[in-house]
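Trainee: Please show me the model, and then let us take its labels one at a time and ask what each of them rests on.

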Amino acid sequence: MTGPGSTLPAVDDTQLTTEPLSRSFYRRDPRAVAPELLNKVLVRGRRAGRIVEVEAYCGSIDPGSHAFRGRTNRNATMFGRPGLLYVYFTYGMHFCANAVCGEEGEGVAVLLRGLTPLRGLGQMRKLRPAARRDADLCSGPAKLCAAFGLGRAFDGADLVTGDRGVVIGDDGTPPPAQPVVTTRIGLAAGRGDEHPWRWYVAGAAGVSRARQLGLT
DNA sequence: ACCGGGATGTTCT
DNA sequence: GAACATCCCGGTG
């Protein structure tokens, strides 16, 4: 098995066939979509990475969600149609990417937090010079955006039609039968940090913080 | 391994 | 003016 610290297989030339997920896949509660996004594949051109860590953000019922206080210029895409990519800028230097879920106008989404790099690792390394190991190329929400070159220009991209060259596809790998579930990362106390809305693939390379919550 | 602090700028109070 | 869905580096044990 491939552990967080082990070497990734040399897959830069692996052939990979994926079918983009449908609009209806996203048109559901993000807490249902999130665990099913595990083991799907984010693809942009030659670059591809398997989704191994996600978090659900639940709009008006979720103080941790950007959409909690309603629509603003920044979060407008979150209120768009399901299947759009919501990219936001944070901490003065990072971008993070979400898949918009639910019905249009709901303001719910799934944050992509970690990927196992599959293909196009050379390009990722150029954009992530600080990454010491290949497993850390995409092991965080801002890291994966950097590795895939996802910035402002990709806010509102359609993951179903691939209008801007980014899709989430299915290569036939099923989601894990028993994903690890924990609370979400980086939320202040009382701002939705108590909800167990983070899911990741046990033992997968690219999980940002594998040992949260008493994992043995 | 685990912590602490700094970088950097947009958004909202 | 504070907060921020983060990351990296350099300290210490």
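Mentor: We begin with the polar contact, which is a pair of N or O atoms within 3.5 Å; within protein, one atom must be able to donate a hydrogen and the other to accept it, and residues adjacent in sequence count only if both atoms are side-chain atoms. The model is predicted, with pLDDT of at least 70 required for local features and 80 or more for side-chain atom pairs, while totals for chains, interfaces and linings use all residues. Residues are numbered from 1 along each chain as its sequence is written, chains are lettered from A and ligands numbered from 1 in the order in which they are written, and side-chain values use heavy atoms, with hydrogens and water left out.

Trainee: What makes the pair of Asp 158 and Arg 23 a polar contact?

Mentor: The side chains of Asp 158 and Arg 23 are joined at 2.9 Å, which is within the limit for a polar contact.

Trainee: Why is Asp 158 called buried?

Mentor: Buried means under 20% relative accessible area, exposed means over 50%, and partly exposed lies in between, with a 1.4 Å probe and protein chains only. Asp 158 has 6% relative accessibility and therefore counts as buried. Asp 158 sits in the loop between helix 4 and strand 7 (166-170), where helices (H or I, at least four residues) and strands (E, at least two) are DSSP runs numbered from the N terminus.

Trainee: What makes the backbone of Asn 39 and Tyr 91 worth a remark?

Mentor: Most residues other than glycine have a negative phi. Asn 39, which is not a glycine, has a positive phi of about 75 degrees, and Tyr 91, also not a glycine, has a positive phi of about 55 degrees.

Trainee: What joins strand 5 to strand 6?

Mentor: Four bridges in the antiparallel sense join them, with Ala 99 and Val 110 as bridge partners. This hairpin has six residues between its strands, and Gly 102 in the turn has a positive phi of about 65 degrees. Six of the eight residues of strand 5 are buried, so strand 5 is largely enclosed by the rest of the structure.

Trainee: Why is the pair of Tyr 86 and Tyr 88 called tilted?

Mentor: Rings of Phe, Tyr and Trp (its six-membered ring) pair if their centres lie within 6.5 Å, and planes under 30 degrees apart count as stacked, over 60 as edge-to-face and the rest as tilted. The structure holds three aromatic pairs. In one of them, the centres of Tyr 86 and Tyr 88 are 5.6 Å apart and the planes are at 35 degrees, so the pair is tilted. Phe 89 and Phe 95 form a tilted pair as well, at 5.1 Å centre to centre and 55 degrees between the planes. Tyr 86 is buried at 1%, and Tyr 88 is buried at 12%, whereas Phe 89 is partly exposed at 30%.

Trainee: What lies over the face of Phe 89?

Mentor: Arg 152 does, at 4.8 Å from the ring centre, and Arg 28 lies over the face of Phe 25 at 4.9 Å; a charge sits over a ring if NZ of Lys or CZ of Arg is within 6 Å of the ring centre and within 35 degrees of the ring normal.

Trainee: Which residues come nearest to DNA strand C?

Mentor: A residue is near a molecule or strand if one of its heavy atoms lies within 4 Å of it. Of the 19 residues around DNA strand C, His 66, Tyr 88, His 94, Asn 98 and Arg 128 come nearest. A polar side-chain atom of His 66 lies 2.7 Å from a phosphate oxygen of DNA strand C, while one of Tyr 88 lies 3.1 Å from a base nitrogen.

Conventions: Two strands pair if DSSP finds at least two bridges between them.
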